Amino acid sequence: MLDILHCYKEGKMKAGDLIRWNKGDGRVGLFLGLKTFDKKTNPYTCALVLWSTTGSVGTIQTNLVDVINESM
């Protein structure tokens, strides 16, 4: 398993890659991209994910998800 932020910065990851939450219930989702909040006041960057279990889009810390399958 590879860290999302590292993979994205290295160009090894893109929208559509399958990811797994490596804590909690291990749910699976599709990586949609990275979201950076206000760069001046809150430069936090997180993963934007479409979760398969709920069908909802949410954000999660990049260190809490792993790439399990790269899209073509």
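User: Let's start with R27. Is it buried, exposed or partly exposed?
Analyst: R27 is partly exposed, because its relative accessibility is 25% and that class runs between 20% and 50%. Keep in mind that this is a predicted model.

User: What does R27 form a salt bridge with?
Analyst: Its partner is D25. The closest N and O atoms of the pair are 3.1 Å apart.

User: And D25, buried or exposed?
Analyst: D25 is exposed, because its relative accessibility of 52% is over the 50% cut-off.

User: How many salt bridges turn up in the whole structure?
Analyst: A search of the whole structure gives one.

User: OK, zoom out. How many helices and strands does the chain have?
Analyst: One helix and six strands. Along the sequence the pattern reads β-α-β-β-β-β-β.

User: How confident is the prediction?
Analyst: The mean pLDDT of the protein chain is 83. Of its residues, 79% reach 70 or more.

User: Which elements have the lowest and the highest mean pLDDT?
Analyst: Strand 1, residues 2-3, has the lowest, at 56. Strand 5 has the highest, at 94.

User: Now the strand pairing. How do strand 2 and strand 3 run?
Analyst: They run antiparallel, joined by three bridges. R20 has V28 in strand 3 as its bridge partner.

User: What sits between those two strands?
Analyst: The hairpin of strand 2 and strand 3 has six residues between the strands. In that hairpin, G24 takes a positive phi near 65°.

User: How many bridges join strand 3 to strand 4?
Analyst: Seven, and the strands are antiparallel. Strand 3 covers residues 28-36, and strand 4 covers residues 45-51. F31 stands opposite V49 in strand 4. K35 has C46 in strand 4 as its bridge partner.

User: And strand 4 with strand 5?
Analyst: That pair is antiparallel too, over four bridges. Here A47 is partnered by I60 in strand 5. This hairpin has five residues between the strands, and G55 takes a positive phi near 75°.

User: Let's look at the loop there. Where is S52?
Analyst: S52 is in the loop between strand 4 and strand 5. S52 is exposed, because its relative accessible area of 55% is over 50%.

User: Which residues does S52 touch, beyond its sequence neighbours?
Analyst: V28 and G29, not counting residues up to four places away in sequence. S52 and V28 are 24 residues apart in sequence, yet 6.0 Å apart in space, C-alpha to C-alpha.

User: What does the side chain of S52 reach?
Analyst: The backbone oxygen of V28, at 2.7 Å.

User: Switching to the inside. Which residues make up the largest nonpolar core?
Analyst: There are ten: M13, I19, F31, A47, V49, W51, I60, L64, V65 and V67. Strand 4 gives the largest share, three residues.

User: How much of the chain is buried?
Analyst: Buried residues make up 26% of the 72 residues in the protein chain.

User: What about D17, buried or exposed?
Analyst: D17 is buried, because its relative accessible area is 1%, under the 20% cut-off. D17 lies in the loop between helix 1 (4-9) and strand 2 (18-21).

User: What lies 3.1 Å from a polar atom of the D17 side chain?
Analyst: The backbone nitrogen of K14.

User: How far apart are D17 and N69?
Analyst: In sequence, 52 residues. In space, 5.9 Å, C-alpha to C-alpha.

User: Last one. Among contacts between residues at least 6 apart in sequence, how many join residues at least 24 apart?
Analyst: In the protein chain, 44% of those contacts do.

How values were computed:
Residues numbered from 1 in each chain as written. Predicted model: local features only at pLDDT ≥ 70, side-chain atom pairs only at ≥ 80, totals over all residues. Heavy atoms only, no water. Pairing = 2+ DSSP bridges. Core = buried A, V, L, I, M, F, W, Y, C linked by side-chain atoms within 4.5 Å. Buried < 20%, exposed > 50% of the residue type's maximum accessible area, 1.4 Å probe, protein only. Contact = heavy atoms within 4.5 Å. Polar contact = N/O pair within 3.5 Å; in protein donor to acceptor, adjacent residues only side chain to side chain. Salt bridge = Lys/Arg side-chain N within 4 Å of Asp/Glu carboxyl O. pLDDT = per-residue confidence, 0-100.
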